[in-house]
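Reader: I am new to this structure. Please take me through one part of it closely, the aromatic rings and what surrounds them.

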Amino acid sequence: MRGGCVGAPGPASDRCGNPTFIPAGTASLSGDTCAFAPDYRPGAADTCIYAGSGGANDRVYYVYLPTSRTVTVNGCQAGSAHDQTVYFRNVCSLDGIANVPACNDDGCGGMRSCTRALRSTITTTIGPGLYYLFADGYAGGTCDCGAFEYALSGI
């Protein structure tokens with residue numbers, strides 16, 4: 001279904017038809033992407049540096065920000081064990097660079113491994129409104145799906 005329409009709801013956080021809400025004040029988000037489909041990418045222009053960014057199995061969440069704020073989604077956590085791509089979109093079902101206010105692939109430091117540098121983190125200032133957060137991965141790698149743990153702030 002790559003990016004076009006919302007489609008069938010599917011299980012919770014599987015697609016834009018059934019994203020999981022992140023309540024205000026949530027400090028962490030964790031899960032696994034392996035049992036989910038590779039439905040979305042950051043955008044048509046691939047705003048996350050690498051050609052395979054965001055092409056792996058993904059989970060879809062949403063958050064409402066009542067004011068502009070700096071938001072951090074930090075996947076450099078012990079519970080993260082796959083080659084992550086994490087991004088926000090302000091429109092869930094459409095590809096395009098204008099719909100991706102923030103994206104990161106391989107933002108954590110250290111050795112290039114699934115439990116070190118291949119994990120991802122975002123810190124960005126975004127305006128008020130509804131945003132979708134995608135816990136995704138790098139397609140074609142040795143660890144393109146798996147467990148994720150994000151420390152959240154500003155939500």
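Author: Phe 134 is buried, because its relative accessibility of 0% falls under the 20% cut-off. The model is a predicted one. Arg 89 lies over the face of the Phe 134 ring, 5.3 Å from the ring centre.

Now the ring pairs. A pair of aromatic rings is described by the distance of the centres and the angle of the planes. Seven aromatic pairs are counted here. One of them joins Tyr 40 and Phe 134: the centres are 5.4 Å apart and the planes meet at 65°, so the pair is edge-to-face. Tyr 40 sits in the loop between strand 2 (28-32) and strand 3 (59-65), while Phe 134 sits in strand 8, so the pair ties together parts 94 residues apart in sequence. Tyr 40 is buried too, with a relative accessible area of 0%.

Phe 88 and Tyr 131 make an edge-to-face aromatic pair, at 6.4 Å centre to centre and 85° between the planes. Phe 88 belongs to strand 5 (residues 84-89) and Tyr 131 to strand 8, so this pair ties together parts 43 residues apart in sequence. Phe 88 counts as buried, at 1% relative accessibility. Tyr 131 counts as buried at 8%.

There is also a cluster. Ring pairs link Phe 21, Tyr 62 and Tyr 132. Leu 130 is in strand 8 (residues 129-137). Its relative accessible area is 37%, so Leu 130 is partly exposed.

Note on methods
Residues numbered from 1 in each chain as written. Predicted model: local features only at pLDDT ≥ 70, side-chain atom pairs only at ≥ 80, totals over all residues. Heavy atoms only, no water. Helix = DSSP H or I, 4+ residues; strand = E, 2+ residues; numbered from the N terminus. Buried < 20%, exposed > 50% of the residue type's maximum accessible area, 1.4 Å probe, protein only. Phe/Tyr/Trp six-rings, centres within 6.5 Å; stacked < 30°, edge-to-face > 60°. Lys NZ or Arg CZ within 6 Å of the ring centre and 35° of its normal.
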